[in-house]
Amino acid sequence: MLLDLLAEGLVPWNVWTIVAYTLIVTHITIVCVTVYLHRHSAHRALDVHPALAHFFRFWLWLTTGMGTKEWTAIHRKHHATCETAEDPHSPVVMGLGKIFWQGFLVYRLAGTPEVLARYGAGCPDDWIERNFYSKHTWAGIILMFVINVMLFGAIGITIGAIQMVWIPLFAAGVINGIGHFWGYRNYECPDAARNIVPWGILIGGEELHNNHHTYPNSAKLSSKEWEFDIGWFWIRLFETFGLAKVRSKGPVSTRVEGKASLDLDTAWAILNDRFRIMSRYAENVITPSVRAEYDKADEATRRVLRKARKALARECSIVTARQRATIDAVVKSSEELRVVYEHRIALMEVWRKRANAEELLAGLRKWCVEAEKTGIRALQDFVVELKTYAMPAAKTA
Ligand SMILES: [Zn+2]
Ligand SMILES: [Zn+2]
């Protein structure tokens with residue numbers, strides 16, 4: 001009887017049952033990581049109802065053994081020290097291979113008492129956390145193996161093994177490794193984060209890592225119309241049932257067509273939405289200027305110009321030596337590209353160096369006057385667009 005149970009389990013199954021079950025349980029774990037640990041606990045982008053929070057904590061204990069405080073603290077440190085020697089898991093510093101294959105180990109080692117004390121504020125510290133989850137980290141995983149074997153027999157061991165490697169491979173290896181190495185960038189955030197693919201399903205939306213590093217306090221990780229964040233779908237569903245409340249979903253700004261003055265309201269909106277504004281600068285000012293140069297260039301210059309668009313728009317702190325050489329070459333050969341590039345740097349300096357709101361406003365006004373004087377049409381159009389930014393009415397009332 002017991003041997004029969006071990007061989008076949010309580011539930012009649014075929015290969016598709018096993019595949020569906022494995023995908024469902026691993027997806028639940030991913031939702032726990034992205035919605036609860038990441039967006040709620042580490043970034044406070046949403047509030048979670050206590051009943052749902054308890055479920056998330058239980059499921060994480062059952063399937064991963066990861067503690068909320070440990071995960072939260074290491075992740076906050078990652079954002080605070082990104083791409084430096086202090087970063088707990090930077091593939092730029094440690095190498096992609098190390099983070100991809102040993103990401104989970106790197107993670108575990110990073111959870112020192114000092115890190116937990118410095119970055120772990122606001123995490124659960126109730127009876128069940130102190131006496132159960134943090135004391136019996138492996139018991140949950142063993143219990144999950146037992147449940148799998150009871151349900152499906154011997155193949156339950158394989159399911160349990162897949163569950164065990166799912167988070168280390170996808171969350172620690174893919175997001176922390178590849179998410180800082182391969183993919184596309186919507187925004188020039190000041191680190192190497194990239195969106196791995198535009199459809200965030202397999203890793204719960206965490207694929208959109210460049211969007212996340214740009215707007216870390218946003219509960220929604222998709223940003224463009226063609227991007228999809230399944231974690232956001234779950235959050236909206238939880239909200240419908242009163243189980244979650246979104247606190248932030250990205251920069252607060254709006255556009256008022258025809259607005260032609262640069263006032264304090266506009267200055268705040270520009271500051272809030274600066275990453276999106278700079279990506280529009282790349283698209284509407286840098287790209288047309290590079291294209292115009294390309295059309296009249298000889299073949300040797302065209303080879304350099306092909307790489308110029310990305311190089312001229314790249315965040316300065318992560319420009320590679322090769323991109324630096326491209327920038328130097330194109331600004332030397334083209335007066336228009338030099339002006340466009342220098343204005344990009346100057347605009348970023350305005351908000352980087354601002355000491356207060358008045359300085360920000362004065363800096364932006366000066367920048368607009370100088371941009372208008374260049375005579376470059378794309379830059380002048382960009383100034384017109386800048387002036388249309390405003391804070392949404394509800395926020396300024
Ligand atoms: Zn990251
Ligand atoms: Zn984060």
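Analyst: Let's start with Glu-358, which lies in helix H19. Keep in mind that this is a predicted model.

User: What makes Glu-358 count as exposed?

Analyst: Glu-358 has 11 C-beta neighbours inside 10 Å. The cut-off for exposed is 12 or fewer, so Glu-358 counts as exposed.

User: Which residues make the contact between H18 and H19?

Analyst: From H18 come His-343, Ala-346, Leu-347, Val-350 and Trp-351. H19 brings Leu-360, Gly-363, Leu-364, Trp-367 and Ala-371.

User: How many nonpolar, polar and charged residues does the contact of H18 with H19 have?

Analyst: Eight are nonpolar, two are polar and none is charged. Gly is put in the polar class, in case you wondered about Gly-363 of H19.

User: Let's zoom out. How is the chain divided into domains?

Analyst: Domain 1 covers 2-246 and domain 2 covers 255-396. Taken over C-alpha atoms, their centres are 37 Å apart.

User: How do you know that domain 1 and domain 2 are in contact?

Analyst: Contact calls for C-beta atoms within 7 Å. By that test, eight residues of domain 1 are in contact with nine residues of domain 2. On the domain 1 side, the touching residues are four nonpolar, two polar and two charged.

User: And what does the secondary structure of the chain come to?

Analyst: You'll find 21 helices and six strands. The C-alpha atoms fill a box of roughly 85 × 55 × 40 Å along the principal axes.

User: What share of the chain counts as buried?

Analyst: That's 38% of the 397 residues. A residue needs 20 or more other C-beta atoms within 10 Å for that label; Glu-358, with 11, counts as exposed instead.

User: Last one: what share of the contacts joins residues at least 24 apart?

Analyst: It's 66%, counted among contacts between residues at least 6 apart in sequence.

Terms used: Residues numbered from 1 in each chain as written. Chains lettered and ligands numbered in written order. Predicted model: local features only at pLDDT ≥ 70, side-chain atom pairs only at ≥ 80, totals over all residues. Domains from an automatic or database assignment. Contact = placed C-beta atoms within 7 Å. Helix = DSSP H or I, 4+ residues; strand = E, 2+ residues; numbered from the N terminus.
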